[in-house]
Amino acid sequence: MTNSPKVITEARLRTSINELAHAAVLEMSMACRKLSIYSSGHPLGLAAIEKPYLVLNRIFSFRKYINIHTLRGQLYVCNIALKESVFTTQILQYMQILDLTALLFERSMTLGDFTHFMERFVRRMRQEDPEYLMMDYLSHRGVTSVEVNSETAFRIFETQRQYRGDVDDDFSVKRLVLDALGTDPVPLAKFNEADEGSLLELGIDFDRPIVKYLIPERVTSIPYASIRAALEQLATSINTGGTERTDYKANVDQYMSLFKLVELHPDREKIIANLDDASIRSSARPRKQVSDDTSRTGAIKVSTLSRMDAVLDELFCPSHSHYDINEFCDAFRRLLKTGQRAKAEEVTLHLLGLLRDANPSFRQKALGLLAASIDELNLLTDAAILETAIATMVDHLAHKRETYEYSELIWKLSQKSLAEKRYDWLARIAAAMAARRHFDREVTVYDSMAVKKAFEMLNRSDVIERLINELIAGEHDKAGAIKQILVAIGSEEVALALSQIIAHPVRQVRQQSLKVLAELGKASLKIFSRIIVDDSWFERDAERFELPDAKWYTIRNSIFVLGSLKDPEGVIPLRLRISDHDIRVRREIVSALEKIGGDEAVDLLVLMAEDEAREIRESAISAVGVIGSADTVPLLIDVARRNSSEAIRAVSVMGKLGGPEAKNYLSQLLEDENALTTLSAGKVSKEDLRVAVVKALGAMGSEAIEKIRKYQASLSAAQKLFFKNSPVNRAIAEVLNRK
């Protein structure tokens, strides 16, 4: 495992240990399933082991140990009780079989160590085997980084705080560390002085750099009176106890450790005021006084000028720094009233050009004058001027010629467009802004600070609400532009607002919202993942399997959006609902997984191929045939063996996926009567199953077809005559004639 990161950032501290714990168990469960089919030496088996190992590695970047504990039928990871699911149930079953109550993984664990652990975790061994016990198995292989039912594992679980991971709460690294630090100043002083080993003895398993980073934050949250009281109590113990007492030095050391925290508190002077120990008081350094005084310059009115050119010449004279905007407004208004709109347009373009001037004072003046001139424009008579201004600004954005002041101009023009309901203008502006933004994984990157600020202003709740209300109104000539604007904004706020209307009674509104949501990418993914993860959406009366209509429509559309996004991360929330009692939910999940594709979706579909409802089993297997690969065939073979009623469909899908494993298995079924009988298990017709095998081989190319030819040749003359018109012979003839 890698060492903990040296650089501590707020983003890293926001990492949810609860999410990582659930992800680790989920990946371990999937790995167990694959290891029961593939060996650890198989590429797919190794890849399956690597996934939980990488998740554990992320947790190890914050702490030395990861403990997995069972208590009263509930699974805990890092002292967090996990939400019950098919994945936690499977891990619990494995632990119960092996009589494991507490597992402890240490940061030094290598992939090889973890592989040894996983191999024994899933392997079935007889009790008389000398390596039956997990600890013996690991010991014989030199694995010391995994402990089983050890004293350390139990101590970590029993002495540290436990959490419920099935509730909506903050499980970030920051919150968990602050909880462990507590609010008592005396233990906090010990944490501040402790090294890595001492922290664990004091009940904190997080890395020392993280603890040191957060101690100042915890100190500032403690009332100054509590720290002073602790200091006074220790001082009293020191002064009245005498130097002969064995705890004298400990009290002095504790006092000095606690005093070091005083430097971190904003009320330092109040804490140390009039302390009896003058030597300690004099050693304290005064806080730095930071002056943040700012000066404000009043505006001086400029001289009144009669003509616009004179006003502009005066305002933008290098030696002239102050101006009265009312003078400009009067002159600009007179231009419009006298019909000189060409001159007004010229002035507007001139001011736009000044936004790129090297002189920051000129840019600020131009921005203020542009804002004032936009307010003076009337849509009925001056629309051409506004269109010219927007076209020029869009051109500047496209060629990266904007300055920071453009953010205010963009917002001003956006407000004008909204006020006049010219959503086509706003769509052009938003599209130009969106072209200056891209997404790097989950991070939004802007190549312009002006664009970033403008998006922040446009991403206002009142703006989004207005746009969505217009979308609901359903005016056809505006809907297209509004959708472009919402997609361009592309924020979680937009996705959240649209999520409120995906179950709207008007079909057109639902369709419009779903189309926008499908284009919002990560923003939609986050919002609808939260809906799927939120248990309250899946609550229903105890005697009902189906969700109430009000919840069902929202859930259905949420799953639809996750599928439409085709983002592999959409599989993560869907995993939690593959066992929901409402068959409609499971049906939608299968459809969404087929759209998303990828290995994670295939793995989940294989699990759903064992659903209690035949409809779900069949659709899951069919979906695997659409998005699976030849590597998926062993999983399908396992599905067919577990549920013979789906053997025919599984065999047909194997033919679509192809590959050597499919060819070998299907050839065995064709040639080995016993294997065919075992697979059918009396639940499907052997003849129908053999027909499916022939057709599947026939879809796999010349080598597989040659297997069919050899099988036909191996039949006796009596068999050929007797089965001449059988469905199997017809299928064989069809395949061979096709070739």
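Which residues of H11 are buried? They are Ile210, Val211, Leu214, Ile215, Arg218 and Val219. Buried here means under 20% relative accessible area, exposed means over 50%, and partly exposed lies in between (1.4 Å probe, protein chains only). Helices are DSSP runs of H or I with at least four residues, strands are runs of E with at least two, and both are numbered from the N terminus.

This is a predicted model, in which local features need pLDDT of at least 70, side-chain atom pairs count only at pLDDT 80 or more, and totals for chains, interfaces and linings use all residues. Residues are numbered from 1 along each chain as its sequence is written, and side-chain values use heavy atoms, with hydrogens and water left out.

Start with the whole chain. It has 41 helices and 8 strands. Of its 739 residues, 49% count as buried. Take the contacts (heavy atoms within 4.5 Å) between residues at least 6 apart in sequence: 68% of them join residues at least 24 apart.

Return to H11, residues 208-220. Its 13 residues should span 18 Å at 1.5 Å a residue, and the end C-alpha atoms are 19 Å apart, which agrees. The expected span is 1.5 Å times one less than the number of residues. H11 has a kink of about 30° at Leu214, shortly before the proline Pro216. The bend at a residue is the angle between axes fitted to the seven residues ending there and the seven starting there.

Next, a helix pair. The axes of H27 (residues 507-517) and H29 (residues 549-565) come within 9 Å and cross at roughly 40°. Axes are lines fitted to C-alpha atoms, for helices over the stretch in contact, and angles run from 0 to 180 degrees between N-to-C directions. From H27, Arg510, Leu514 and Leu517 meet Arg556, Asn557, Phe560, Val561 and Leu565 of H29.

Now Val487, in helix H25 (residues 476-489). Val487 is partly exposed, at a relative accessible area of 21%. Its C-alpha atom lies 9.3 Å from that of Ala518, 31 residues away along the chain. Beyond its neighbours within four places in sequence, Val487 contacts Arg437, Val516, Glu519 and Leu520.

Finally, a loop. Thr632 sits between helix H33 (614-627) and helix H34 (633-642). Thr632 counts as buried because its relative accessibility is 5%. Setting aside neighbours within four places in sequence, Thr632 touches Tyr38, Val602, Val606, Val624 and Leu657.
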